[in-house]
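Subject: Structure handover

Hello,

I am passing on the structure we spoke about. Please have it open while you read the notes that follow.

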Amino acid sequence: MNIHEYQAKQILKRYGLPIPNEKVFDQKTLSLDEIRSLGKAPLAVKAQIHAGGRGKAGGVKIVDTPEAAYGAAQKMLGTTLATYQTAGVAKPIDCVLIHFAKKIEKELYLAVALDRERELPCVIFSDAGGMEIEEVAQKSPEKILKCHFDPDGKRDIAFFELFLSKNASRLGPLSSRKSELADFMAKIAQIFVDLDVSILEINPLAILQDQTFKVIDAKINFDDNGLFRHPEIAALHDPRQEDSREVEAKQFDLSYVGLEGNIGCMVNGAGLAMATMDIIKHEGGEPANFLDVGGGAAKERVTAAFKIILKDPRVKAILVNIFGGIMRCDIIAEGILAAVQGMDLKVPLVVRLEGTNVKEGKEILANSKLKIISADSFSDGAQKVAAAVR
């Protein structure tokens, strides 16, 4: 589960991390007097959506007066914003965060995430924070420091200070402030463990002209499986920030994630779904979604899956890749026909069936009057759907 920047910063503040003096406003609470109470300009006006890349997309404005901040907030509120992280779906701006934008001398990057290869959480630090951190990671990996820790073991200030001491040559001038940095590391590691976090990212952690630290931007994602332990975190959920297709999919117990391609995928089983997307890419296509209909591809679920896929205007063809194990292929075929017959399907549909009663299932599809492209194998299905798009 994701939360907004202002919510993440309030959590960091409770654990002792320094955040700017800031206020959050929606259309009803936006007040020039309240903005003025934040102090002198310049001020940062930041759209609150569940995505990064807001600055490059126009969702962050630095202005010189409270009046200009008020005007910028008015223009943002009630609109939508799409960034490179929103997969082409614009998210609603229901609130904005405004804070004093002191001049930054140095931008740092600090995060904690799970390293699945090492099976341990890992604190990540770089002295090259800011909007280009992804490029830094790719082109200058030596600027990224990683410190793994045992969630049940030692993760105090001394632990991280020792790590930073061993990497003093890579810290440069920041080595003189390793105690402060170790304190921040210990705190975010504690948050990670305490709140069942999946990723916590501070970018930038700024050093201001007066040499104080401030958390300028922050992002926290939580493990959904741990939310039952944290009702106060679950209460921060904002359904308006979710893809409406994903919300609808949950109602039918479907696993759906929207992507940026033009080939819709309907598959049963998460592993098969991942492999289907891989082979579509291998054949030169681009998957438009991950969609797992589960073990029982009943008519209602298949119909719902088709409708969700077709809500994406970029979809130019659909590949149905079903393995009939518990559910027989002939039953699956009947479900596909029943779903498609009740829809105005205008894009090519490729169907690959395998498993129990596959012969009967293929005959049902072949005998129908619908324009369904039958595939004989995994790769054949990917080749045919990619060709249909081309």
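In which helix do D33 and R36 lie, and how many residues apart are they? The two are 3 residues apart in helix α2, residues 32–36, which is about one turn of the helix. Before going further, please keep in mind that this is a predicted model. D33 and R36 form a salt bridge, and their closest N and O atoms are 3.5 Å apart. Over the whole structure, the search finds 21 salt bridges.

The sheet

There is an open sheet of 4 strands, paired antiparallel, in the order β1-β6-β2-β3. The edges are taken by β1 (22–25) and β3 (60–63); each has a single partner strand, so one side of each has no neighbour in the sheet. From one strand to the next, the twist averages 20 degrees. Strand β2 (residues 43–47) runs antiparallel to β3 and is joined to it by 4 bridges. To find one residue pair in this part of the sheet, look at V45, whose bridge partner in β3 is K61.

Two helices can be described together with the sheet. Helix α1 (residues 5–14) packs on the sheet and touches β1, β2 and β6 (96–100). The direction of α1 makes about 55 degrees with that of β6. Helix α3 (residues 66–76) lies across β2, β3 and β6, and runs at about 5 degrees to β2.

Helix pairs

α5 and α7: helix α5 covers residues 157–166 and helix α7 covers residues 178–194; their axes come within 8 Å and cross at roughly 130 degrees. That angle makes α5 oblique to α7. The crossing of α5 and α7 is right-handed. On the α5 side, the contact is made by I157, F160, E161, L164 and S165. On the α7 side, the residues are K178, S179, L181, A182, D183, M185, A186 and A189. Sorted by class, the contact of α5 with α7 has 8 nonpolar, 2 polar and 3 charged residues.

α10 and α14: helix α10 (residues 270–282) packs against helix α14 (residues 378–389) at an angle of about 50 degrees, and their axes are 9 Å apart. This makes α10 oblique to α14. The crossing of α10 and α14 is right-handed. L272, A275, T276, I279 and I280 of α10 make the contact with F378, S379 and A382 of α14. The contact of α10 with α14 has 6 nonpolar and 2 polar residues, and no charged ones.

α12 and α13: the axes of helix α12 (residues 329–341) and helix α13 (residues 358–367) come within 7 Å, crossing at roughly 20 degrees. α12 is therefore roughly parallel to α13, and the crossing of α12 and α13 is right-handed. From α12, the contact takes in C329, D330, A333, E334 and L337. From α13, V358, E360, G361, I364 and L365 take part. By class, the contact of α12 with α13 divides into 6 nonpolar, 1 polar and 3 charged residues.

Regards

Notes
Residues numbered from 1 in each chain as written. Predicted model: local features only at pLDDT ≥ 70, side-chain atom pairs only at ≥ 80, totals over all residues. Heavy atoms only, no water. Axes fitted to C-alpha atoms, helices over the stretch in contact; angles between N-to-C directions. Parallel < 35°, antiparallel > 145°, perpendicular 65-115°, else oblique. Left-handed = near helix turned anticlockwise from the far one by under 90°. Contact = heavy atoms within 4.5 Å. Nonpolar A, V, L, I, M, F, W, Y, C, P; charged D, E, K, R; others polar. Pairing = 2+ DSSP bridges. Salt bridge = Lys/Arg side-chain N within 4 Å of Asp/Glu carboxyl O.
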